[in-house]
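Here is a protein to look over together. Keep its sequence and its fold side by side as you read.

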Amino acid sequence: MSDDLDIDLNFEGIRVSTLRGERPIPFNAYIQIGGRQILYCRKGDTFEGERLNRLKSKKLDRLFILEKDREKYNKYLQDNVDEAFDVHSKKDLLSRTLIVQGHQQAVAEELMENPSVEEHYTMAKASCIRFVEFINKNDLALKCLFSLKNEDFGISQHGVNVAALSLAILRNFERPEVNITKLELLALGALIHDIGRQKINLPMETKRSEMSKDQLKIYKSHPQAGIEVLRELSHFDEVVLNIVSEHEEFIDGTGFPQNLVEREINPYSLIVSVANTYDRLVSLEGKSQAEALKFMIIDSMGLHPLDMMKALQTALKKGSLIK
Ligand SMILES: [Fe+2]
Ligand SMILES: [Fe+2]
């Protein structure tokens, strides 16, 4: 049977964000239309540049492969991700970042969809260990992340940006009283910090500055909605849970949902709050990197610890995102 005539065969879904880079796919990928699978990407196709942009602009999050190709898909995934994370890789940083970004996004989506599956949590944590190394070894990875097209921007892509920013902030400040050891937990918490947004009825692209009173009320319920999903799950680390519930808190007590003040907020959550506010301004409100930083330092003075704001500024400079 030709590869184009895969009629009456069994299909399974794969995440579009896992198809990235110049490595040719060793399987056909299908799109589902009206309950039928139609060939969409051929064996041998690659996913960078125009093809990737076209795929992203369709806002699909799943394609389909034949069940019999599962092993080929797994191998493609493994090789692609291993090469992207490899510190000795000869590939350029932008291509590697694109693959790492897609992979982390897929990991976040998998975990947010099925948080009760402990295996997803363990895998996400393992992937975050590699992500920490990747971000810490490549100051310019931040710039690469922000250069990605934004058409399919959602909770998981925001999560990847916030995770990278959080790690970059942490690298650039020192506080003797803050003992942060498990960086992968900071990355993981940041990656899924907005899990509660899946439970509230408000599109991700709604700008906070344009929300009505009622929308704002719904919006402010998302940390609580997230914690309600995770509370009973014993495999989640406390740090991650703290980040989910505290990432919208500000040090002066004007954040939500608990109006905590600085000493009551976990240091990991403080970092994620800075990163989260910044990425929201850039990726969702459309501010430039410099405008977002200025807004946080001047207009929102007193909401975030000054040393963390300085660390963010240093990280952005090192990443060539601001002058
Ligand atoms: Fe949030
Ligand atoms: Fe967020």
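Predicted model: local features only at pLDDT ≥ 70, side-chain atom pairs only at ≥ 80, totals over all residues.

Residues are numbered from 1 along each chain as its sequence is written, while chains are lettered from A and ligands numbered from 1 in the order in which they are written.

Let's begin with the domains. The protein is divided into domain 1 (1–74) and domain 2 (86–318), with bounds that come from an automatic or database domain assignment. Taken over C-alpha atoms, their centres are separated by 30 Å. Eleven residues from domain 1 and eleven residues from domain 2 make the contact; two residues are in contact if their C-beta atoms, placed from the backbone, lie within 7 Å. On the side of domain 1 that touches domain 2, helix α1 (residues 49–57) gives the largest share, three residues. That side has no nonpolar, five polar and six charged residues. Here Ala, Val, Leu, Ile, Met, Phe, Trp, Tyr, Cys and Pro count as nonpolar, Asp, Glu, Lys and Arg as charged, and the others, Gly among them, as polar.

Helices (H or I, at least four residues) and strands (E, at least two) are DSSP runs, numbered from the N terminus. Gln-32 stands opposite Gln-37 in β3. Two residues lie between the strands of this hairpin, where Gly-34 takes a positive phi near 55°.

Now for the helix pairs. Axes are lines fitted to C-alpha atoms, for helices over the stretch in contact, and angles run from 0 to 180 degrees between N-to-C directions.

| Helix pair | Axes come within | Crossing angle |
|---|---|---|
| α2 (residues 70–85) and α3 (residues 93–113) | 9 Å | roughly 125° |
| α3 and α4 (residues 118–137) | 10 Å | roughly 155° |

Angles under 35 degrees count as roughly parallel, over 145 as roughly antiparallel, 65 to 115 as roughly perpendicular and the rest as oblique. Therefore α2 and α3 are oblique to each other, and α3 and α4 are roughly antiparallel.

Which residues of α2 meet α3? They are Asn-80, Val-81, Ala-84 and Phe-85, facing Arg-96, Ile-99, Val-100 and His-103 in α3. By class, this contact of α2 with α3 has five nonpolar, two polar and one charged residues.

How values were computed. Pairing = 2+ DSSP bridges.
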